[in-house]
Amino acid sequence: MATTFWIVILVLAVLLAIVAATWPGSPTLSRQRRPWIRRVIGLPFTIVLVLALAACGRATSEKTVRKLAGSPEVLKARQEAELASRDVIAVWEAETPITLRLVVLEDMCVGGSATELFLPTGSDKYKIKCTMSVAAYFGAEPRRMADTIDGVLSAGDRTGPRIPFNHEFHYARAVVDYYRGKAGDPQGQGTGEPTHLSGGTTLTLSWDQVRSGNTGQLIEDPRPCSSHEPPLRRCLNEPASTSVADLRREYGMVFKITMPVKDYFTVWK
């Protein structure tokens, strides 16, 4: 309401300026007024335009975000996105030689911002956007790295895209040879022990470095759940009592699969 009031006041100011500027007078006086007219009319008009654009593209209210996030359409999309990720994890658990012990899921719905006139990020284009990220942690025997990764590749040979690494992946074979002691650093001399295989937009498989001693890079614990407020925010650690450090103590090392953040539902403005 306050924004609308000021827009009306500024529109009236512009109209008064136009009337004053176009009031009949001598030609010489009119020519003298022209630069002043442009300044008087231009500034209020610019302000009115900026405020009008802002008023037309307000940020999505928290009430609207909560209502949309709990709608049947979002609930269905959320369930489908989660089930698809869990299906992938189930295939890894059943087909690969690593042991599933922890699943972490983060799900958030956010409202769009007001119209972004400067430094736009695109968040003013939607009313609401819902995203989901999923990761799974597995235990493994560090002394069997070559056999373990080779087993993952064999599972990829059988299952297809849900395990996007197979024996046709040259770099993956080089990693296996590295752990068998048949070849040097897979990425070239001096690059050191590998840490992951990347499936592009599918997922990433990463692991503890086991040959680098105390300086080796290790899989970190997931971030603690900062908030869990369905339907706006969900954060699940299953089981909640398990940590990455627990897996490392029990199995010796940790593997992790990370799926790309998925935009599973958007309502555009």
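The crossing of helix 5 and helix 6 is left-handed, a term applied when the near helix is turned anticlockwise from the far one by less than a right angle, with clockwise giving a right-handed crossing. The model is a predicted one, in which local features need pLDDT of at least 70 and side-chain atom pairs count only at pLDDT 80 or more, whereas totals for chains, interfaces and linings use all residues. Residues are numbered from 1 along each chain as its sequence is written, and side-chain values use heavy atoms, with hydrogens and water left out.

Axes are lines fitted to C-alpha atoms, for helices over the stretch in contact, and angles run from 0 to 180 degrees between N-to-C directions. Angles under 35 degrees count as roughly parallel, over 145 as roughly antiparallel, 65 to 115 as roughly perpendicular and the rest as oblique. Helix 5 also packs with helix 4 (residues 72-95), at an angle of about 120° and with the axes 10 Å apart. Helix 4 and helix 5 are therefore oblique to each other, and their crossing is right-handed.

Strand 1 pairs with strand 2 in the antiparallel sense over twelve bridges, pairing being assigned if DSSP finds at least two bridges between two strands. Within this pairing, Met 108 has Thr 131 of strand 2 as its bridge partner. Strand 1 is also joined to strand 5 by six bridges, again in an antiparallel arrangement, and Val 104 stands opposite Asn 237 of strand 5.

The largest pocket has a volume of about 470 Å³. A pocket is an open set of points on a 1 Å grid over the protein atoms alone, where a 1.4 Å probe fits, with protein on both sides within 12 Å along at least five of seven lines; lining residues have an atom within 4 Å of a point. The volume is the space filled by probe spheres set on the points, which are joined across faces, edges and corners. Of its 25 lining residues, Val 104, Leu 105, Glu 106, Ser 133 and Arg 223 are the closest to the centre. Strand 1 (99-111), strand 2 (126-140), strand 5 (233-238) and strand 6 (253-258) each give two or more residues to the lining.

Two cis peptide bonds were identified, from Pro 230 to Pro 231 with omega near 0° and from Glu 238 to Pro 239 with omega near -5°.

Notes: Helix = DSSP H or I, 4+ residues; strand = E, 2+ residues; numbered from the N terminus.
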